[in-house]
Amino acid sequence: MENTNDISHILRLLPGDDLRLSIENFVNEHAIEAGWMVTCVGSLTTYSIRFANQKNSSNGNGYFEIVSLTGTLSVNGCHLHISIADDKGKTIGGHLLHGCVIYTTAEIVVVKSGSYIFIREKDENTGWNELHVKKK
């Protein structure tokens, strides 16, 4: 069922923009308390990704297509995963970190919920700040 209180936002990033920082700034500027990624297509010249169960980031330079970006958005914290493909089609993915630099563009569509608030609280089982959902 569609929630008529939800609002779609579209943004386009430019060469040199930091993908994660730009998304976080957008979330803060639009006071998004609960939102989610709908789609993102674009390209990077530099990536910084944390792979599964790793403490440190993996970084690289070159030309990469953004083939997927998914996650939850909130002024209380964003949780984003990205997949990118290199010039041979090799695809890698993981947690999106600061330092992913736009090559040509990134076209992003997000939805801002009119019904929920996302917060992040430390989970004793995982040790991470995990998602908790509250009704407005």
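Analyst: The largest nonpolar core of this predicted model has 26 residues. Those with the most contacts inside this core are Leu19, Leu44, Leu69, Ile82 and Ile108. At least two core residues come from each of β1 (7-13), α1 (19-29), β2 (35-50), β3 (58-73), β4 (79-85) and β6 (101-112). With 5 residues, β2 gives the most to this core. In soluble globular proteins, nonpolar side chains tend to be buried together.

Ile108 illustrates the contacts made by one of these residues. Residues up to four places away in sequence aside, Ile108 touches His9, Ile10, Leu11, Leu13, Leu19, Ile23, Met37, Thr39 and Cys40. Among these partners is Leu19, which, like Ile108, is listed with the most contacts inside the core.

Cys40 is buried, its relative accessible area being 4%. The closest cysteine sulfur to that of Cys40 belongs to Cys100, and because the separation is 10 Å, the two are too far apart for a bond. A disulfide would require the sulfur atoms to lie within 2.5 Å, and the count by this rule comes to 0 disulfides. Cys78 is likewise in no disulfide, the nearest cysteine sulfur being that of Cys40, 13 Å away. Cys78 is also buried, with a relative accessible area of 14%.

Strand β3 can be followed through Phe64, which lies in this strand. The relative accessible area of Phe64 is 11%, so this residue is buried, the limit being under 20%. Beyond its neighbours within four places in sequence, Phe64 is in contact with Gly42, Ser43, Leu44, Thr45, Tyr47, Ile84, Ala85 and Asp86. One of these, Leu44, is named with the most contacts inside the core. Phe51 is 13 residues from Phe64 along the chain, and the C-alpha atoms of the two are separated by 17 Å.

Ala85, a contact of Phe64, also has a place in strand pairing, standing opposite Thr91 in β5. β4 and β5 pair in the antiparallel sense over 5 bridges. These two strands form a hairpin with 5 residues between them, and Gly89 in the turn has a positive phi of about 90°. Strand β5 (residues 91-96) pairs with β2 as well, in the antiparallel sense over 2 bridges. Ile49 stands opposite Leu96 in β5.

The loop between β3 and β4 contains Ser74. Although polar, Ser74 is buried, with a relative accessible area of 3%. A polar atom of the Ser74 side chain lies 2.9 Å from the backbone oxygen of Phe118. Phe118 is also among the residues that Ser74 touches, together with Val27, Ile32 and Glu33, when residues up to four places away in sequence are not counted.

Strand β7 (residues 116-122) runs antiparallel to strand β8 (residues 129-135), and 7 bridges join them.

Definitions and conventions: Residues numbered from 1 in each chain as written. Predicted model: local features only at pLDDT ≥ 70, side-chain atom pairs only at ≥ 80, totals over all residues. Heavy atoms only, no water. Core = buried A, V, L, I, M, F, W, Y, C linked by side-chain atoms within 4.5 Å. Buried < 20%, exposed > 50% of the residue type's maximum accessible area, 1.4 Å probe, protein only. Helix = DSSP H or I, 4+ residues; strand = E, 2+ residues; numbered from the N terminus. Contact = heavy atoms within 4.5 Å. Pairing = 2+ DSSP bridges. Polar contact = N/O pair within 3.5 Å; in protein donor to acceptor, adjacent residues only side chain to side chain.
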